[in-house]
Amino acid sequence: MESFGTRLHRAVTERGPLCVGIDPHPGLLARWGLADDVDGLDRFTRTVVDALGDRVAVVKPQSAFFERFGSRGVAILESTIRQLREAGSLVLLDVKRGDIGSTVSAYASAYLDPSSPLYVDAVTASPYLGVGSLAPMFELAAKHGGGVFVLALTSNPEGAAVQRARTADGRTVAQTVIDEISQLNSGADPLGSFGLVVGATIGDTGHDLSTVGGPLLAPGLGAQGAGAADLRTVFGSSLAAVLPSYSREVLSAGPDVDALRAAADRVLGECRAVLAAR
């Protein structure tokens, strides 16, 4: 199987640099005129897939908004993953898992083993039990052509207390994460399969992203406060690797399919203009 990095590079080339989240929280369901129940969840996700599955490079379901409905919600997540794959989108499951030993191995099997009903192209992961604790995820991803996006510099204000703390060698915790992921991507062409999550709202990071060699997922765009132009400030010379991610900015245009497509096209155009000017 091709590596995730290769598939992502091709998808972005063909469809453009855009990731759209599927975040069916209660307020958004209500805005669409849907009940906050399993039927509302199903109608919401089917509409998003119909509107965007065949035109957006990456779609990022947020697992928690499915899990809150129990087994029926997870069944809808499984179905959504299948539908997105059939439509040609890469599926990045936003789970932010992180653990040690057999537990992280089980998470890896759940999301990165092709035999799993929750198998996706890539997942998000938390490195705060040590980047090395995620080794089973990295290994299974490499074996089956998957990807892992590791949290590095996040948009939430609480994150700085941990991420910008200094280690014994003077680097920040975030920079140690960046450097370890860079090593995993060494020699990859055209793009590594191991990425980082760097919030688009954080401004000049003061961190070196130049050697990562993999994709840089940039959430926080749109309703969370950042605009496409902010990507220049955050990523500087690393813009070529950026995958902009929008959720509410696009989803709030629903439930009309044409309006969802127009919203996605609009933000994609804004991102293309910024990323092309690097």
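I sorted the lining of the second largest pocket by residue class and got 14 nonpolar, three polar and two charged. For this I counted Ala, Val, Leu, Ile, Met, Phe, Trp, Tyr, Cys and Pro as nonpolar, Asp, Glu, Lys and Arg as charged, and the others, Gly among them, as polar. The model is predicted, so I note that local features need pLDDT of at least 70 and side-chain atom pairs pLDDT 80 or more, while totals for chains, interfaces and linings use all residues. Residues are numbered from 1 along each chain as its sequence is written, and side-chain values use heavy atoms, with hydrogens and water left out.

**Second largest pocket**

I put its space at about 370 Å³. Of its 19 lining residues, His 9, Val 12, Ala 240, Ala 241 and Val 242 are the closest to the centre. Two or more residues each come from α1 (4–15), β8 and α12, and α1 gives the largest share, four residues. Helices (H or I, at least four residues) and strands (E, at least two) are DSSP runs numbered from the N terminus.

My pocket rule, on a 1 Å grid over the protein atoms alone, is an open set of points with protein on both sides within 12 Å along at least five of seven lines; a cavity is a set where a 1.4 Å probe fits but cannot get out, and lining residues have an atom within 4 Å of a point. Grid points are joined across faces, edges and corners, and a volume is the space filled by probe spheres set on the points.

**Largest pocket**

I found about 460 Å³ of space in the largest pocket. It is lined by 24 residues, and the closest to its centre are Lys 60, Asp 94, Lys 96, Pro 219 and Gln 224. β7 (216–221) is among the strands that supply at least two lining residues each, with β3 (90–97) and β8 (242–246); β7 gives the most, four residues. By class the lining has eight nonpolar, eleven polar and five charged residues.

**Strand β7**

I then checked β7 itself: six of its six residues are buried (under 20% relative accessible area; exposed is over 50%, partly exposed in between; 1.4 Å probe, protein chains only). β7 pairs with β6 in the parallel sense over two bridges, where strands pair if DSSP finds at least two bridges between them. Leu 196 stands opposite Leu 216 in β7. On the β8 side, four bridges join the parallel strands, and Leu 221 stands opposite Tyr 246. From β7 the chain crosses through helix α10 (residues 230–235) to β8, a right-handed β-α-β crossover (clockwise from the first strand over the helix to the second, with the strands pointing away from the viewer).

**Cavity**

I searched the whole structure and found one cavity of 30 Å³ or more. The largest cavity holds about 40 Å³. Its lining is Arg 15, Leu 18, Arg 55, Val 56, Ala 264, Asp 265 and Leu 268, with three residues, the largest share, from helix α12 (residues 257–276).

**Ring pairs**

I counted three aromatic pairs (rings of Phe, Tyr and Trp, its six-membered ring, with centres within 6.5 Å; planes under 30 degrees apart are stacked, over 60 edge-to-face, the rest tilted). Trp 32 and Phe 44 have ring centres 4.2 Å apart and planes at 40°, so the pair is tilted. Trp 32 is buried at 7% relative accessibility, and Phe 44 is buried at 0%. Phe 138 and Phe 194 have centres 5.3 Å apart and planes at 80°, so I logged the pair as edge-to-face.
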